[in-house]
Amino acid sequence: MSDVPANVPRGDLWSRFRASPVAMSAAALTVLIVGAAILAPLIASQNPFDPAALNLANGLFPPSWLPGGDARFLLGSDDQGRDMLSALLYGSRISLLVGLGAVVFAAVMGVAIGLVAGYAGGWVDTLAMRLADVQLTIPAILIALMVDGLARATLPQATHDAVAIYVLIFSIGIADWPQYARVVRAATAVQKTLGYVSAARVMGVPAPKIVLTHILPNVLTSVMVLATLGLALAIISEATLSFLGVGMPPTAPSLGTLIRIGNNFLFSGEWWITLFPSLTLVLLALAVNMLGDWLRDALNPKLK
Amino acid sequence: MKYLPIILAAVLLLAAPARAENVLRWASQGDAFTMDPHAQNEGQTRTFAQTVADALINRKPDLSKVPGLAMSWNMTSPTTWEFKLRPGVKFHEGQAFTADDVVFSFKRALMPTSDMKDLIASVADVIAVDPMTVRITTKTPDPILIDEITNIFIMSKSWAEQHQVTVPPDMASGKESYSSRHVNGTGPFKLELREPDVRTVMVKNPDWWGLKENPHNVDRIIYTAIRNPATRVAALLSGELEFLLDPPVQDIARIEASGQFTIQRTPSPWTIFLGMNAGGKELTSSSVKGKNPFADIRVRKAVNMAIDVNAISQRIMRGFAQPAGQLVPPGVHGYDATIDKPLGFDADAAKKLLTEAGYPNGFDVRLDCPNDRYLNDEPMCQAIVGMLARVGIKVTLDLKPRTIHFPKVQNKQTDFYLFGWGTDTTDAHNHLYFLGAPNSVWNATAYKDAALFADIDKIAVEIDTAKRDALIKDVSLRLRDAYTYVPLQHPIIAWATKKGVDVPIVLDNLPHFAYARFGN
């Protein structure tokens, strides 16, 4: 975490972005995938979440450019007659939604705890950071599996399918908050000792106001970097859970669910069912990750 | 690399003893429920039971009956059978086999927590005439009793008493006992290790009485449950298995093309079907309250018409299935191909029927489906959800492992479920009784038709073959036309074995390892 900056001037961010072809292409790819996912209902030829739209007779078409392909199914179809392209568009939508939701959830929780711990210090700080330590010792995927298992045991199936996406957001998010809490707490502890905070305190500004209006804006850049990097990880976590069969149900597949379904056809020659979702996942995670990497470097004064 | 020869020598030394043994490693998608021979009447569980235990009458891989623990048997009156037992047989743990063990095992199999009680429900009493003779009397003449008793495996009485397992554990309530993981039979293999859902190891029983007639050369059997179809195929292709019970249908061509495996195929006396709770007051999983949509025969017929069984056989099963029109499968006594015709897929007619029944916009219901029991059960259920959605029935799919799914059906806690039934007697009465009769634990339809039930019972006692066959046909038709079930398909089973190993295929999909052979 040491290379995450606390506070930098950001006036020339745009010009540096324009100068980095890696950042530009990563951003372009991200925008492309995110845009396609948002516009999925307009682009997709089929709603893959509507079981009535699927027809077994359309099952297992190869991609349209191959012999036996069908023009209606550009990237082929799976065993249920689901158009792979439509499934990818809708699937990335779910993956992105879960990723973003989990990151926002983790960031809000982590930033809040970090600010309080860093500003208050003392036993509050100790308690919060030990909690974070405990949380960090448990692997994220295990926490996610536990939360999901609990939700499955307590909720009836129909309800569980409907709230599966929130369960995923919560279980991935809850595993990630210590990252944010630690960074924010460290930055807050530094900011607290600076002159402008002391001045505000002398002027009688109440503590919550100092934290929110003075310290928070100064620690947000590092949160931004963490969140971007975290987004890629959250998307992969979601795919892992869905691949293990504890994420999105097969009737509303995310990228991970699609890969899991495709896995059944790995040996039978229907490679497109698993290849395209895997490729989309790789590209999406790579693009977001490279963007996050670049952001970290760009915002780090030591690397200038 | 100077250590290479040493390493090689060590590897060779370690490998040498394993070579001398013929180890048959096999896999399928789901494990046996229990080692108890009477607690669960289910395919995989029975495969394990018949590997370690014997019945009075055993079956060969062609399903013909051969003397097991009984050397001979004859009917002394229409309701009495006498069995001469095999002398000098010992259980795996050394106990001598006598008539007391037979009496004990039959009484145990008739207990309320036994899942075999319905198979031999006609039995009035079992008595030991002398240490090597057993007499079974039935309440009424039972023409298929000697077929049914091939499923009643014999346990040691003293062993059961010693381990307090004189009563079978109740599977529906999830109870376990010593006999859930231990077994002491007289069969060709002994249980060496049992780790449920992980690994089960059995070793050759060198004292098996059948070795003289059937000198098999399998020293060790290692079973692994592998849920994921691709992993199963990978295990087979990479040489980790000698035998795969259920190669995924989509991969059979690939396995055959590798040239290292033999694929055996046969139609099987099984039917995969959907059941509907037609007798309940309301469906617990539906938002329709105060009435039960499935109680209306028009709704049940509409469900039958909305499901395209041909597409399921062709697309999901890739031709490894015969579309079904009734519950009794081909290859079973009493099967009639003229009844086994699917109703015909007609979504418009189904919608019309639903409208007539008062559900123009359909209704919602949960479909309970296992994901590790039948070949392609999960994609099959997904396809059904889609087909029903097209006529307005909104189905929530609940995919569960077999160990959760089966008790749901047994406890009749399901509105709509996927299930399969394979005969263990090669007689239609087995299907009609277990799926049609109200007191069968495997019938969760709760359908009420007293006349039909009376006729199912009549089949069990009718001795005149012509009359009995006519009755079977009549009952099959009436059960089919009640539409409480949606017959989907009769699977065509395929087994994959490594070349050089022979595991003869069996119609009922339950391998007989005593008949397996290594080498040519």
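**Exercise 1. Determine which elements of chain B line the largest cavity, and describe this lining.**

Solution. Step 1: α2 (43-52), β13 (270-276) and β18 (485-498) of chain B each contribute at least two residues to the lining of the largest cavity. Helices (H or I, at least four residues) and strands (E, at least two) are DSSP runs, numbered from the N terminus. The model is predicted: local features need pLDDT of at least 70, side-chain atom pairs count only at pLDDT 80 or more, and totals for chains, interfaces and linings use all residues. Residues are numbered from 1 along each chain as its sequence is written, chains are lettered from A and ligands numbered from 1 in the order in which they are written, and side-chain values use heavy atoms, with hydrogens and water left out.

Step 1: The most lining residues come from β18(B), which gives 4.

Step 2: The largest cavity holds about 310 Å³ of space. Its lining has 23 residues, and D246(B), R373(B), Y374(B), L375(B) and N509(B) are the closest to its centre. On a 1 Å grid over the protein atoms alone, a cavity is a set of points where a 1.4 Å probe fits but cannot get out, whereas a pocket is an open set with protein on both sides within 12 Å along at least five of seven lines; lining residues have an atom within 4 Å of a point. Grid points are joined across faces, edges and corners, and a volume is the space filled by probe spheres set on the points.

Step 3: By class, this lining has 10 nonpolar, 9 polar and 4 charged residues. Ala, Val, Leu, Ile, Met, Phe, Trp, Tyr, Cys and Pro count as nonpolar, Asp, Glu, Lys and Arg as charged, and the others, Gly among them, as polar.

Step 4: The count of cavities of 30 Å³ or more comes to 8.

**Exercise 2. Describe the largest pocket by its volume and its lining.**

Solution. Step 1: The volume of the largest pocket is about 1,000 Å³. Of its 46 lining residues, R260(A), R227(B), N371(B), E378(B) and L399(B) are the closest to the centre.

Step 1: Both chains take part: among the elements that each supply at least two lining residues are α10 (255-263) of chain A and α12 (377-389) of chain B.

Step 2: The lining divides into 18 nonpolar, 15 polar and 13 charged residues.

**Exercise 3. Describe how chain A and chain B meet.**

Solution. Step 1: Contact (heavy atoms within 4.5 Å) joins 22 residues of chain A to 29 residues of chain B.

Step 1: The two chains bury about 2,100 Å² between them, with 54% of it on carbon and sulfur atoms. Buried area is the accessible area (1.4 Å probe) that two parts lose on being put together, summed over both.

Step 2: The interface has 2 salt bridges; such a bridge is a side-chain nitrogen of Lys or Arg within 4 Å of a carboxyl oxygen of Asp or Glu. E378(B) forms a salt bridge with R260(A), with 3.7 Å between the closest N and O atoms.

Step 3: On the side of chain A that touches chain B, α7 and α10 each supply at least two residues. The most come from α7(A), with 3 residues.
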